[in-house]
Amino acid sequence: MNIDGLKSFMGWFKWVLMGLMIALVIGLFIISIFNYKKKKVSPTKFIAVTGIFSAIATILYVWVPDFGLGFTPPWLKVHLDEIAIFLVGYMYGPLSGVVVTLVKTLIKLPMTTTAGVGEIGDFFFSLVFVLPAVILYDKRRKLSSVFIGLGGSMVLHTIFAMIMNVYVMIPFYSALYNMPLETLEGMCSSIIPAVSGENWIWMYALIMVGPMNLIKDTIVIVVVLLLYKRLHILIERIGTQNTAKLETVENKEE
């Protein structure tokens with residue numbers, strides 16, 4: 001496929017992808033509601049909380065400026081939307097985390113500056129980072145599961161990001177923007193001279209992608225650990241108060 005053909009394909013593919021994601025969001029919402037009915041969690045509360053965290057994730061992903069770390073090229077940026085995905089996933093399970101990830105990706109796609117490539121990559125990076133820890137905690141709600149899950153997720157996410165950058169992201173960006181790999185190598189080596197030579201892409205992954213993800217993941221994990229217990233208690237209290245009010249109204253009507 002030539003450059004024009006690739007750009008044309010990505011132009012309409014993002015809209016097809018958005019349609020599939022919308023269908024998936026609706027399907028997951030339905031599955032989640034029935035799932036949480038079995039767990040005696042109010043569907044209304046589930047939808048409200050998931051919506052709130054979808055909005056928070058979108059704000060962090062779309063409107064809060066991302067930032068570099070000084071030792072990475074311009075296309076490697078830190079964004080902290082996974083904080084919201086982790087929090088809702090710990091509260092309501094992995095499906096709610098997937099829903100929030102889908103929603104923030106859907107909202108960002110029409111504003112893409114990367115023909116949807118960056119958003120699709122971020123979608124999978126977020127799921128690989130969040131889901132292992134959330135699934136483990138959903139199965140075994142213990143403090144040890146939190147730390148084991150977060151540590152495992154960080155390692156898995158870093159390895160996945162390195163492999164994806166080497167074999168998918170860098171070659172695809174090079175083809176999409178008609179930018180020779182040598183140009184990208186020059187941009188990286190101007191920041192860290194060691195990122196050069198025949199194996200420069202792997203050096204880029206080891207010296208730039210890996211450390212950046214470890215630092216970013218550490219920031220996300222620290223914030224999640226600081227916020228989760230307090231937010232969970234607050235939301236549970238709000239839910240209990242609302243349920244009590246509803247029961248009072250129903251009793252009066254009777």
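So, which helices each supply at least two residues of the lining of the largest pocket? They are α2 (43–63), α5 (117–139), α6 (143–176) and α8 (200–253). Helices here are DSSP runs of H or I with at least four residues, numbered from the N terminus.

Quick housekeeping. This is a predicted model, where local features need pLDDT of at least 70 and side-chain atom pairs count only at pLDDT 80 or more, while totals for chains, interfaces and linings use all residues. Residues are numbered from 1 along each chain as its sequence is written, and side-chain values use heavy atoms, with hydrogens and water left out.

Okay, the pocket. On a 1 Å grid over the protein atoms alone, a pocket is an open set of points with protein on both sides within 12 Å along at least five of seven lines, and a lining residue has an atom within 4 Å of a point. The largest one comes out at about 660 Å³; that volume is the space filled by probe spheres set on the grid points, which are joined across faces, edges and corners. The probe is 1.4 Å.

The lining runs to 31 residues, and Asp66, Trp75, Lys77, His79 and Asp122 lie nearest the centre. α6 gives the most, six residues. By class we get 16 nonpolar, eight polar and seven charged. Nonpolar is Ala, Val, Leu, Ile, Met, Phe, Trp, Tyr, Cys and Pro; charged is Asp, Glu, Lys and Arg; the others, Gly among them, are polar.

Now, the packing around α5. Axes are lines fitted to C-alpha atoms over the stretch in contact, and angles run from 0 to 180 degrees between N-to-C directions. Under 35 degrees counts as roughly parallel, over 145 as roughly antiparallel, 65 to 115 as roughly perpendicular, and the rest as oblique.

Take α5 and α6: their axes sit 8 Å apart at about 165°, so the two are roughly antiparallel. By class, their contact has 22 nonpolar, seven polar and no charged residues. Contact, by the way, means heavy atoms within 4.5 Å.

Next, α4 (residues 94–108): its axis and that of α5 come within 9 Å and cross at roughly 165°. That makes α4 roughly antiparallel to α5. Among the α4 residues meeting α5 are Val98, Leu102 and Lys108, and Asp122 is one of those on the α5 side. This contact has eight nonpolar, three polar and five charged residues.

Last one, α3 (residues 82–92). Its axis and that of α5 come within 9 Å, crossing at roughly 25°, so α3 and α5 are roughly parallel. On α3, the residues meeting α5 are Glu82, Ile85, Phe86, Gly89 and Tyr90. Here the classes are nine nonpolar, two polar and one charged.
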